[in-house]
Amino acid sequence: MRIHIATDHAGLEFSQHLQAHLSEAGHEVVDHGPAEYDPIDDYPAFCINAAKGVVRDQQAGVEALGVVFGGSGNGEQIAANKVIGVRAALVWNESTAELARQHNDANVISIGARQHTVEEATRFIDVFIATPFSLEERHVRRIAQLAEYEATGDIAGKNVDR
């Protein structure tokens, strides 16, 4: 599987460890930056590029997921979710990593590098990658509603205020 990774200065050490871990596990890792430590760098472009890479690969039939990091993971998740076709979830334990894939078919996860050890983050990512989407009708329906809203600004029959 191809894994797109992006971070900011807060997650740079995590990113380097995880790239090695994922490569050793047989995944192809695409690093979207940063390449070096800069305490005032800006995460949005890094995370958006990783998210775009995931969507582009998935549309081309390439099995791909993304992982973004920052101090809390919140801004990185928000940035990734600006990309049409991305479902980025903030993950803080193994259960949320599993449910992000199982129920939400998340294709990107975000982790707070200042909130977790590198060992914890590695477990979250391994669980995320290993967990398939459940394909349960209710989850498929809800994801379709989100995609419809993303494309049209409405969800047919659901009274979304404009």
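I started with T122, which turns up in helix α5, residues 118-130. Helices here are DSSP runs of H or I with at least four residues, strands are runs of E with at least two, and both are numbered from the N terminus. I'm working on a predicted model, where local features need pLDDT of at least 70, side-chain atom pairs count only at pLDDT 80 or more, and totals for chains, interfaces and linings use all residues. Residues are numbered from 1 along each chain as its sequence is written, and side-chain values use heavy atoms, with hydrogens and water left out.

Buried or exposed, I asked of T122? T122 has 9% relative accessibility, so I put it down as buried (under 20% relative accessible area; exposed is over 50%, partly exposed in between, with a 1.4 Å probe and protein chains only).

Next I looked at what sits around T122. A polar atom of its side chain lies 2.7 Å from the backbone oxygen of V118. Leaving out neighbours within four places in sequence, I found T122 in contact (heavy atoms within 4.5 Å) with H17, L18 and H21.

Then I zoomed out to the whole protein. I noted 6 helices and 5 strands, running β-α-β-α-β-α-β-α-β-α-α from the N terminus. Buried residues make up 46% of the 162. Of the contacts between residues at least 6 apart in sequence, 68% join residues at least 24 apart.

Last, I checked the overall dimensions. The C-alpha trace spans about 50 × 30 × 30 Å along its principal axes.

Note on methods
A polar contact is a pair of N or O atoms within 3.5 Å; within protein, one must be able to donate a hydrogen and the other to accept it, and residues adjacent in sequence count only if both atoms are side-chain atoms.
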